[in-house]
Amino acid sequence: MSATATSLAPKERLELLFAELAELTGQRNAIDGRIVEIAAEIDRDELAGVTGARSVSALMAWKTGVAPRNAESVVAIARRLDAFPRCVQGMREGRLSLDQVGVIAERAADGSDAHYAQLAAVATVAQLRTAVKLEPQPESESKPEPRREFIRTEDGEHTTYRIRLPRVEAAKFDAAVQSHHDKVSAEWTRDHGEATGDQAPPFPNRVDALMSLVEAGWDSDVARRPHGAHTTVVVHLDPEKHSAALHLGPVLSDADRRLLLCDATCEVWLERHGQLIGAGRTTRTISRRLRRALEHRDRCCVVPGCGATRGLHAHHIQHWEDGGPTELWNLVLVCPQHHREHHRGGITITGTADTLVVTDSDGDVLTHGPLARPPTEPAPVVEPCRGPLGERAYWRWYTPFQPPPPTNN
Ligand SMILES: [Zn+2]
Ligand SMILES: [Zn+2]
C-alpha cells in the first residue's frame, strides 16, 4: 500500500484493496488448479510411495505446508478431475476457488459438472455445501457409516470423553452399560437398601455402571494374561543364524523378524541350534521410564512429514539383533506404517536420535519443511476474481442436481 493511497477516503482505499485482492485471488485459484493437477499426477502414477508418505494428501500437506483438511480438498478434486472438468477449468482460469470446487468434488454426484460449474460462479462455499446436500441421496445401503470417534478432553480436575458410535455399536455399548447399571444398582440395594441414613453412598448412576464395565474388562484380561497366549507374541530367535520363527508357527521373513524384535510387547526366546539358551527380554524391552522419555522427546513419528501420534513403536536405529543397545540415543518413535516400511527396506533410518537421517527408497534425504520458496516464475496471467456474489440464496427456487435416470443398455 503506497503512501498516497492512505490519503484516500476509506471507500476508495477499500476499492483499491479489493482490486488487488481480486487480482491475487484469481492468481491463487489458478495456482491451486495447477496444484490439483500435480496431486492428480502423483496419485495416478502412484509416486507418493517413493517418499514414504502415508497418503497423497499427507504428502501434499507436508510439501505445501497446508493443513491436512486443505490437502484433503486438493486430493478430493485430483481424484475426480475427469468427473469435473469444467469446475477444474474454472480454477485454472482463476474463477473458482479450491474450497468451492473441493466441496463439489467431495460430495457431488457424477454428471453434475456443468450444473455446479454454473452455480459455483455465483455461490459461496457454504451455499455450495447446501446445494450438494440437496441432491437426492442414493439408497441408504451405500451411505457411509457415520465416523466413529473417541475424543478425550482434559478440563481442570476432570476428563471429559465424547464417544461417537454407529447405531449397532451404540446399542452394544448401551446394553453393556445397562447390564452393569443393573448389577451395581442391585449391589447398592443389597448393601444399603434399608438404611436411608447419611452413611449410604449415592445411588449408582451410569458413570458407576461404566466404571464397573471397565473393571470387569480388566479382571478378565488379568485372568487371561498368566497363560500369555492372548496378549503376547512369542518369537524364537537364533541370533547366530539371524533367523526366527513364531512360537508354534512359521519362520519369519527378515523384515518381520526385525520388526518384531523392535516391538517391546513381544517375548523373544533365544536359541542356538534349536536349543533354548534363555529369554532375551531384559536387553530388548523398553521400560515404562524409557518409553515416557521417548514420548517426551519425539512426540510423534520421526519420519519427516508424518506427524502420526497414535500407536507409535519404539524402533532401534541400529537394529537390536545387530547389537544396537536399548538406550535413548538408539531409539526413535515411528508410526506402525513407517516402521514396517523401514524394515521392508523402503525408507532408511540412520544416525543417532540426535543426528537422525531418514531417506526415501532412492536414498534421498527427507526433510521436514514444506517446499515453499520465493517464486521465480511470474504469477499466472488470469482475470481478477471478485469471488462469489454472496447474495442470499433462495433455496425454494433452487433445483438440485438430479442424476439422469439409469439407461438400460
Ligand atoms: Zn524397528
Ligand atoms: Zn510415520
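Arg299 lies in the loop between helix H12 (288–298) and strand S7 (313–316), where helices (H or I, at least four residues) and strands (E, at least two) are DSSP runs numbered from the N terminus. Arg299 has a positive phi of about 65° although it is not a glycine. With 12 C-beta neighbours inside 10 Å, Arg299 counts as exposed. The scale behind that word calls a residue buried if 20 or more other C-beta atoms lie within 10 Å of its own, exposed if 12 or fewer, and partly exposed in between, with C-beta atoms placed from the backbone. A positive phi near 50° is also found in Glu46, again a residue other than glycine. Glu46 belongs to the loop between H1 and H2, and its 9 C-beta neighbours inside 10 Å make it exposed. Most residues other than glycine have a negative phi.

This is a predicted model, in which local features need pLDDT of at least 70 and side-chain atom pairs count only at pLDDT 80 or more, while totals for chains, interfaces and linings use all residues. Residues are numbered from 1 along each chain as its sequence is written, and chains are lettered from A and ligands numbered from 1 in the order in which they are written.

The protein's secondary structure comes to 13 helices and ten strands. Of its 409 residues, 24% are buried. Contacts here are pairs of residues whose C-beta atoms, placed from the backbone, lie within 7 Å. Among contacts between residues at least 6 apart in sequence, 61% join residues at least 24 apart.

The largest nonpolar core has 38 residues, and those touching the most other members are Val36, Ala39, Val74, Cys87, Val101, Ile104 and Ala120. Such a core is a set of buried Ala, Val, Leu, Ile, Met, Phe, Trp, Tyr and Cys residues joined through C-beta atoms within 7 Å. Two or more residues of this core come from each of helix H1 (10–44), helix H2 (56–64), helix H3 (68–78), helix H4 (85–92), H5, helix H6 (113–120) and H7. Val36 touches Val74, Ile77, Ala78, Val88 and Met91, not counting residues up to four places away in sequence. A second, separate core of 22 residues includes Leu237, Ala244, Cys301 and Val302. In soluble globular proteins, nonpolar side chains tend to be buried together.

The axes of H1 and H3 come within 8 Å and cross at roughly 70°, axes being lines fitted to C-alpha atoms, for helices over the stretch in contact, with angles running from 0 to 180 degrees between N-to-C directions. That angle makes H1 roughly perpendicular to H3, on a scale where angles under 35 degrees count as roughly parallel, over 145 as roughly antiparallel, 65 to 115 as roughly perpendicular and the rest as oblique. The crossing of H1 and H3 is right-handed; a crossing is right-handed if the near helix is turned clockwise from the far one by less than a right angle, and left-handed if anticlockwise. Ile35, Val36, Ala39, Ala40 and Asp43 of H1 meet Val74, Val75, Ile77 and Ala78 of H3. By class, this contact has eight nonpolar, no polar and one charged residues. In these classes Ala, Val, Leu, Ile, Met, Phe, Trp, Tyr, Cys and Pro count as nonpolar, Asp, Glu, Lys and Arg as charged, and the others, Gly among them, as polar.

H4 and H6 pack at about 35°, with their axes 7 Å apart. Pro85, Arg86, Cys87 and Gly90 of H4 make the contact with Asp113, Ala114, Tyr116, Ala117 and Ala120 of H6. Six of these residues are nonpolar, one is polar and two are charged. H6 is mostly covered, with six of its eight residues buried: Asp113, His115, Tyr116, Ala117, Leu119 and Ala120. What covers them includes H4, H5 and H7.

Helix H5 (residues 98–107) and helix H7 (residues 125–133) have axes that come within 9 Å and cross at roughly 15°, which makes H5 roughly parallel to H7. This crossing is right-handed. On the H5 side the contact holds Asp99, Gln100, Val103, Ile104 and Arg107, and on the H7 side Val125, Leu128, Arg129 and Val132. These divide into five nonpolar, one polar and three charged residues.

Thr130 is also in helix H7, and with 15 C-beta neighbours inside 10 Å it counts as partly exposed. Thr130 and Ala393 are 263 residues apart in sequence and 10.0 Å apart in space, C-alpha to C-alpha.

How values were computed. Contact = placed C-beta atoms within 7 Å.
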